[in-house]
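Trainee: I am new to this structure and would like a close look at one part of it, the protein chain. Please take me through it in one connected answer.

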Amino acid sequence: MRDQFQKIKRLSVLGSTGSIGQSTLEVVRQHRDKFQVIGLVAGQNVDLLIEQAREFRPKCVSLSSNKAAEIFLARSPDPHIQVLVGQEGAEKVASLPENDIVVSAITGIQGLKPTLAAIQAGKKIALANKESMVVAGPFLQTQARRAGAEIVPVDSEHSGIYQCLRKERPEDIKKVILTASGGPFFQYSPDQLASVTLEETLRHPRWKMGKKITVDSATMMNKGLELIEARWLFNLSPEQLDVLIHPQSLVHSLVELKDGSLLAQLSPTDMRIPIQYALTAPNREKSSLPSLDLRKIKMLEFYEVDTERFPLINLARQALQEELSFSVALNGANEEVVAAFLRQEINFIDLAPIIFKVMDYHQSRRINNLGDIFEVDHQTRQLTRKIINQWMMKGKRR
Ligand code: MG
């Protein structure tokens, strides 16, 4: 009995009402005897958080605003649940001493501090918040080594790489190839791209995800961010990283070894698989999903990325070569333009040129600490907003 009890992993989910958060809780639901939810962190979606709290009975929840926290308190399914607020609340949940695993699934640089808090507490981190690795990869890795924290990727491509690399020595890795679905506009001509709508952009052909990452997939900035993420996760050089378009999204990544062997990880296109693996690694648990039937699939296709139509991937490649400040600025500019696009202030076709314009102004600088990261982020966002405003004025005049 005691043995069985000890096998239960206690976890907190940062970003529990988002797409990855909900899928994580579905995995927990499938393995009630293996996992227990201790903490949940959400933004503004109080209704869903209340539902989740009713089902999973966490010890502690955190919401982004006082107002949201008050609504939760008034309708809390259990008066013993501690209710916290804001970034501090998220950090507190991330570093609860009871946590065995922290699922970091807040979108954007907002997830950085809570992720760092979990790392500094020496936890196992199931990392879905790619932006934190993009802007602070070397810092997170240093802190993880210091605190004995283990970072396991949730991103499907990186989960694939992680699985392929489990038994390989770093010196044997020749190349790591991330696959990309190509997004909804993979086949679009430049003319067609010029008139795509927000609605079309949010209709991803393979994955059902949150809005920010869905827009990033359509511009292929998501793959750019993933290149940078892979660099820091697996300590790779820029020359070791490559991208291939693979519209079926079944091969999640490939690793080429120095003897010419190519390892690939395939699985159904469902985030519950990499999430579950991140929770159970290096072990595995059963999944209720149907097996991949390669007889039905028959063909796997791979294509080169067209950087004429999807130029943001070039900026990400450049980021691999530059100081970290370049990645921080690139991420900040991207978060701002995507938010403006979601508010329908700019068109899809404006996203890349605005980011390029912002990056033209970027002055490379050394990043010594987290404060420097937030400073570059803040300045870049201000500049980006200024350029967006100019862009909108010009658009109105036209
Ligand atoms: Mg991915």
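Among contacts in the protein chain between residues at least 6 apart in sequence, what share joins residues at least 24 apart?

Mentor: The share is 68% for the protein chain, counted among contacts between residues at least 6 apart in sequence. Keep in mind that the model is predicted.

The elements come next. The secondary structure of the protein chain consists of 18 helices and 11 strands. The chain has a radius of gyration of 21 Å, close to the 21 Å given by the globule rule for 398 residues, so it is as compact as a globular protein of that length.

Now the division into domains. Domain 1 takes in 2-154, domain 2 is made of 156-268 + 290-308, and domain 3 covers 322-398. Between the centres of domain 1 and domain 3, taken over C-alpha atoms, there are 29 Å. In the contact of these two, domain 1 takes part with 11 residues and domain 3 with 13 residues.

Burial and surface follow. Of the 398 residues in the protein chain, 54% count as buried.

Last, the charges. The protein chain carries 51 positive side chains and 46 negative ones. The centres of these two sets lie 3 Å apart.

Conventions: Residues are numbered from 1 along each chain as its sequence is written. This is a predicted model: local features need pLDDT of at least 70, side-chain atom pairs count only at pLDDT 80 or more; totals for chains, interfaces and linings use all residues. Side-chain values use heavy atoms; hydrogens and water are left out. Helices (H or I, at least four residues) and strands (E, at least two) are DSSP runs, numbered from the N terminus. The radius of gyration is taken over C-alpha atoms; the globule rule is 2.2 Å times the number of residues to the power 0.38. Buried means under 20% relative accessible area, exposed over 50%, partly exposed in between (1.4 Å probe, protein chains only). Contact means heavy atoms within 4.5 Å. Lys and Arg count as positive and Asp and Glu as negative; His and the chain ends are not counted. The place of a charge is taken as NZ of Lys, CZ of Arg, CG of Asp or CD of Glu. Domain bounds come from an automatic or database domain assignment.
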